[in-house]
Amino acid sequence: MVLMSQTAWSSNIEKVSLLDSEDGDVLIIESNEAIEYQLFDLNEPPRLVMTFPGSSISDGIVALKGEGVGVTNLFPMKNELGIRLEIGLSNKLNYEVEEQDNAIVVRFDAIKVQNQGATKNPVVERIEAKDTGDITEVTLYGQNMDSSHNAFLTNQEKSLVIDFWGAKSGLGKDRFQFSSQRVKSLTVGEADDRLRFILDLLLVGSMERQIEASPDKMVIRFGDMPNTGADYVKVESVDFQPDGRMARVMIRTDVKNPIVHVSEEDGNYIVNVKESVLAQAQERTQDLSAFAGPLSQIDTYKSENSSQIVVRTREKVEMTSFQQGNVFTLSFIPEEIAIAARGKGDSKDEFAFSGEKVTFDFKDIDIRNALKLIAEMSQLNIIMSDDVSGTLTMSLVDVPWDQALELILSARGLGKEQSGNVMRVAPVEVLRAEYESKIEARKGSLQLENLVTEFITLSYTKVAEVKQMLEEANKASKSSASGSTGSTAMPQADNSGLMSSRGSVLTDERTNTLIVKDTKEAINNIIRLLAVIDKPIQQVLIEARIVEATDSFQHSIGVRWGGNYNNSTGSNFPGAIALGSAGSTVANSEAIIAGGVSTATGRGFLVDLPAATGAGSGGAIGLSLGSFSNAINLDLELSAAQADGDAKIISNPRIVTSNLKAATITQGSLVPIVTPGSANSPATTQLVTAALTLNVTPQITSDDGVILDIKVTKDSPTVFNGATGIDSKAVTTNIYVKNGETIVIGGVYSRDKAQNSSGVPYLSEIPFLGWLFKTESLRDNKTELLIFITPKVMNGAAGG
């Protein structure tokens, strides 16, 4: 099938051909010039994705459909990044990519039924390990050693696993110890149709590795491989294969024995293929940001006489490598998934096993032989009783040897007891019976042991507290012993805590002496306890600085003015006219009728809105105008007051207390609070405390810090609406402070801001003239309370 197009743009895909043949499908992509591409090998379903960044595709190229076997379909798509070709496969296929001028040719292997009789099974007959200069070689001698095999690193690159399919072992044993530079031992396991070799490695110096196979032997090399001067290895492709949250990077070469070295640097993994060259268009960067998984980018470039592949990660991963034929595969698994797969996670046994990791894969292995393998790995001397027998099948990969031992013992109902580097293995019931007999013998010896009396004088701890502690320990132990009754409960050596069941304790509080009568062992236990708890308690000096700052401002302005008019008419009614303030007109009218206008001396203010002035507060200025006849008078007074003040009150309470002991300090006075009386009861006066109180409990930490439970209260008297009351401010908190450091634990900020205006309706609203008919006051008061705390651990005798 061929699709053609007439248009040709820069970096434009002009033709896509899919050829079917018995040797496998061939996909040909032709463009108007050499084109950059990325190739991704995907699963579920199997498919191949090729992307061409910054390229275009001719309009005539549409989806293709295959014959149903091999390449099933091809879908071209265009997006903002360029062109994407998705190639559907009927199943997982091997392929090769060739670049021919302006064309890319992808050749897929044909799907064939393999001839089972064509392959001869390998047989391993002899193993040899030696150091040649700075290189360690492990050689497997046998027949058909160049057969299909897999090789991968595991256990954080401390173990190399090689699997031969359909192979047989002609070796006399399954464990080999070496004294080479980089290989410590080799373990052989055989199960079903697979023969596995596990090499325990010593990570010394350069760990480049090479596997070279021929019909009669396989040579595994570790170390700093020298340049051989032979033809360079060709790195044909570096492909990315996503797998959900995991990912693989597959490096395909033209030989089966490349020299490969994998290292980790700042979370990125660097693969060095020694004495190699890159195929055309392989020196590139693959951006993996569009894919889920732990990898973000793959950089491939030439470095002197080797090829470097840098795999950049976006999260912590665990890496394993795998060699199969001419394909070297690196698998990346997110760290949390790898931990969960090993059964760790948040379990209590995450750090329970610390032995060197081993890998076992055996079917129907004798239990005694399995324990011998553990003995060789752990360097323990294991003694097995005659009743240790049976077989088991196990498949353990990267398991600590001590965990493997526990699994083997539990699978066969066995137990162990260890003394030094000698371990005895026997059935659990046998060990239980021996333990019970030892407990019964010990209980009998305790009943026969002599009692002694010890007088212990305490220095820092009260004897009553120690006695209570010992009695509570005895009660708890007796309760535990009574709750453990039953056929499966282990016998108790003694049902007491620190004291035996025959012991007693008395106290002399006057001399702070403890009088103990018990066995020598119990008394020694009590003395050891008192050596730990009878110590001086560290003390802490807590210094508080409480700062209360006040900023007050008040401003007011007012006016008073008035006048009167007096006149005698000489008529009977009205005989006199008096005009002025309400309080003066009547008196002036009567004065005019009685004595004339000159006798009308009453004055008053028509507008009386002054500012609050007085001695030491504000000021006023007046103006009076009048006539000699007292007929017309005019009075004017302007008043203003302003107050601006700052105040700062600092309190500095200090207190010393012991670790974990509460302490309180109070400073203040008693304020009389009057409760108004009523018709049936007289007024009463109650004294209320207005004080500054600091309540604190310190806890000294192991990192030279102090945890403080603090409550600070500040009560002060205040006047509200003419009555005396209590203004209360409090802070309660729990804080951590370094020794000697100061911290602000809280602050209270308040602001009272007001603007008041009083005047004559309507007239006070007239612009400018309105000031003759109103008064105005401003108030802006600010109050701030800050609390500083400084703990200091006292390093005297009390501080230890």
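**A chat about a hairpin, a sheet and some contacts**

Visitor: Where does Gly 420 sit, and what phi does it take?

Guide: Gly 420 belongs to the hairpin of E35 and E36, which has two residues between the strands, and its phi is positive, near 65°. Keep in mind that this is a predicted model.

Visitor: Okay, how many bridges join E35 to E36, and do they run parallel or antiparallel?

Guide: They run antiparallel, and six bridges join strand E35 (residues 414–419) to E36. For example, Gln 418 is opposite Met 423 in E36. Another pair to look for is Leu 414, whose bridge partner in E36 is Pro 427.

Visitor: What about E33 and E36, in which sense do they pair?

Guide: That pairing is parallel: strand E33 (residues 381–384) and strand E36 (residues 422–427) share four bridges. You can find Ile 383 opposite Arg 424 of E36.

Visitor: So what is the strand order in that open sheet?

Guide: The order is E33-E36-E35, an open sheet of three strands with mixed pairing. E33 and E35 each have a single partner strand and stand at the edges, so one side of each has no neighbour in the sheet.

Visitor: How far are neighbouring strands of this sheet turned against each other?

Guide: On average by 25°, if you ignore direction.

Visitor: Switching to helices! At what angle do H2 and H3 pack?

Guide: Helix H2 (residues 367–378) and helix H3 (residues 401–411) pack at about 160°, and their axes are 10 Å apart. Angles over 145 degrees count as roughly antiparallel, and H2 and H3 are therefore roughly antiparallel to each other.

Visitor: And is the crossing left-handed or right-handed?

Guide: H2 passes H3 in a left-handed crossing.

Visitor: New topic: how many salt bridges does a search of the whole structure find?

Guide: The search finds 22 salt bridges. One to look at is Glu 137 with Arg 221, where the closest N and O atoms are 3.1 Å apart. Glu 137 is in strand E13 (residues 135–143) and Arg 221 is in strand E21 (residues 217–223), so this pair ties together parts that are 84 residues apart in sequence.

Visitor: Why can side chains like that pair at all?

Guide: Side chains of opposite charge can pair when their charged atoms come close.

Visitor: Last one: which residues make the nonpolar surface patch?

Guide: Tyr 565, Ile 577, Leu 579 and Ile 632 make the patch, which covers about 370 Å². Among them, Ile 632 is in strand E44 (residues 632–651).

Conventions: Residues numbered from 1 in each chain as written. Predicted model: local features only at pLDDT ≥ 70, side-chain atom pairs only at ≥ 80, totals over all residues. Heavy atoms only, no water. Patch = residues over 30% accessible without salt bridge, like charges linked within 9 Å, V, L, I, M, F, W, Y side chains within 5 Å. Areas by Shrake-Rupley, 256 points an atom, 1.4 Å probe, with all protein chains shown as cover. Salt bridge = Lys/Arg side-chain N within 4 Å of Asp/Glu carboxyl O. Pairing = 2+ DSSP bridges. Axes fitted to C-alpha atoms, helices over the stretch in contact; angles between N-to-C directions. Parallel < 35°, antiparallel > 145°, perpendicular 65-115°, else oblique. Left-handed = near helix turned anticlockwise from the far one by under 90°.
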